[in-house]
Amino acid sequence: MADYNVIVIGAGPAGYVAAIRCAQLGMTTACVDKWLTHDGKPSLGGTCLNVGCIPSKALLDSSHRYYFLQKHAALHGIQCEGLSIDVTAMQARKDEVVKTLTKGIAGLFKKNKITFVEGTARLGDNKQVEVTAHDGNTKILAADNIIIATGSVPAQIPVAPIDDELIVDSTGALAFDSVPKRLGVIGAGAIGLELGCVWSRLGSQVTILEALPDFMAMADRKIAAAAQRELKKQGLDLQLGANVTAATVANNEVTVSYQNKKGEQQLVVDKLIVAVGRKPNVEGLEADKTGIQINERGFIEVEGHCQTSMLGIYAIGDVIGGPMLAHKGSEEGVMVAERLVGQKSEMSYETIPWVIYTSPEIAWVGKTEEQLKATGVEYKVGQFPFAASGRARAHGDTSGMVRIIADAQTDRVLGVHIFGISASELITEAVVAMEFESSAEDLARTIHAHPTLSEALHEAALGVDGRMIHA
Ligand code: FAD
Ligand code: NAD
């Protein structure tokens, strides 16, 4: 007989949410995870809580406050003579935020009667899982169903090998103990931009080398252009079309060689962050030996509802690919748990929001103009600048805009793209609207409180029909 109805492997945002939902639905549930803190204690929450979403946002917040006090406080009449940054204190606050939240997950496991099993899981036959704890002890558990949520790890490139001293990945870049004078970043994706911003705001001279010729190729072109201008204004040196050929360490500095359309270039920095994407983590799992299909890029292959090629074994989150986002993995976890008890839950892959936490933030959901053009869909656009928003002006943060793209025939909202203050929060209105298959007119007829930043969405919706009031 199985020990559990469900064993979840991995306690990141995909796995721990899946485990909680399984337990809520009455299934006996165990969750295995191998993550340990520096002092050897289990720490739940996976990449997201330990070395991802949460610590990066903690540092973004601290650095944003410092930057504001330095650059903008005087405008508000706030004098900050002798302002300085204590990186040790900033890091200690970040660590405390992480500790509180990871402990919170342990509390939720307890509350939901989920058995946490510390160690590395290896899949066996007949839905058995062998767990090897860090002290070397091994146990074998069996379940009716297994959910694999082993996540991802930073991708590396041979031309810039991580040494965890001068050349670091995102984990190293979250733990700098001082502000590097000169900082290089390879990759202008989410991590490169967010961590580049953290250290730039604290005084680093930051150069980001991006292989692609376009800035933020996935984003709406007008939003990307506005963001690029703003980040440049904030002091980030964005080098596009940069093909890195080598990174060598000598005399406590890194020399990065790269080629761009002007020819061979060199950049000398004190630290180099490699942020070129993440790769699925199936190490030690031996999933392939049980017959689970893994594709050529290392992702576990799944069908419609996260079912792997083995009956009763599911995979969710970063390890199956698609958007590598915490909220995508969590919702997959909920869907799988609910389907295990016969519910007909579905994932809305079309309405997954994206947010890049620069300042101001970049957020979007749905299609871009370019995607619609490629599929021949006719559309209308409403665009409203934050410069015309009373609330944004009161905040003193007026850069950016809201763009709403609607179907030209049906008026249905197909995409919403925001670059501006609090875009991460504003995008949720767009997600809800799209989830309910709203038209731009529905949004335009919805009363928005004044003065709020959400009025920019209201105005952009009016703009789809050419009737904005304030622009
Ligand atoms: P993970 O969070 O990677 O968790 C996998 C877990 O499985 C880990 O705890 C690991 O220890 C465990 N595990 C792996 N193999 C085994 C095994 N064999 N046995 C036992 N345990 C195992 N996403 C966002 O949505 N918003 C953000 O703002 C954001 N910011 C980020 C910032 C940074 C710097 C980084 C690196 C990532 C960020 N992400 C963000 C991405 C987000 O962290 C991931 O998409 C998310 O963590 C994936 O969740 P997951 O549960 O699939 O995997
Ligand atoms: P990414 O895929 O977002 O960006 C990687 C960037 O590096 C791309 O622009 C790519 O063109 C570039 N690149 C790749 N190889 C290169 C090379 N050799 N030289 C120069 N440039 C190169 O990956 P990331 O920024 O490492 O983030 C990893 C994952 O974590 C992403 O999937 C992202 O969704 C997730 N994440 C999300 C958030 C968020 O939601 N706010 C924040 C951080 C990370």
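In the predicted model, an N or O atom in the side chain of threonine 47 lies 2.6 Å from an oxygen atom of ligand 1. The protein covers 95% of the 1000 Å² of accessible area that ligand 1 has on its own. Two further polar contacts involve oxygen atoms of ligand 1: one is with a polar backbone atom of leucine 325, at 3.3 Å, and one is with a side-chain N or O atom of histidine 327, also at 3.3 Å. Two or more residues of the shell around ligand 1 come from each of α1 (13–24), β2 (29–33), α2 (46–51), α3 (53–71), β4 (120–123) and α8 (326–340). Of these, α2 makes the largest contribution, with 4 residues. Ligand 1 is surrounded by 39 residues, of which Asp33, Thr47, Lys57, Ala121 and Ala326 are the closest. By residue class, this shell consists of 17 nonpolar, 16 polar and 6 charged residues.

A polar side-chain atom of glutamate 210 is placed 2.6 Å from an oxygen atom of the ligand. Backbone atoms also take part: a backbone N or O atom of glycine 277 is 2.8 Å from an oxygen atom of ligand 2, and a polar backbone atom of isoleucine 191 is 2.9 Å from an oxygen atom of ligand 2.

The structure holds 0 disulfides. For cysteine 22, the closest cysteine sulfur is that of cysteine 31, at 9.8 Å, which is too far for a bond. Cysteine 22 is buried, with a relative accessible area of 0%. The sulfur of cysteine 306 has its closest cysteine sulfur in cysteine 22, at 12 Å, and this distance is likewise too far for a bond. Cysteine 306 also counts as buried, at 1% relative accessibility.

Terms used. Residues numbered from 1 in each chain as written. Chains lettered and ligands numbered in written order. Predicted model: local features only at pLDDT ≥ 70, side-chain atom pairs only at ≥ 80, totals over all residues. Heavy atoms only, no water. Polar contact = N/O pair within 3.5 Å; in protein donor to acceptor, adjacent residues only side chain to side chain. Disulfide = S-S within 2.5 Å. Buried < 20%, exposed > 50% of the residue type's maximum accessible area, 1.4 Å probe, protein only. Near = heavy atom within 4 Å. Areas by Shrake-Rupley, 256 points an atom, 1.4 Å probe, with all protein chains shown as cover. Nonpolar A, V, L, I, M, F, W, Y, C, P; charged D, E, K, R; others polar.
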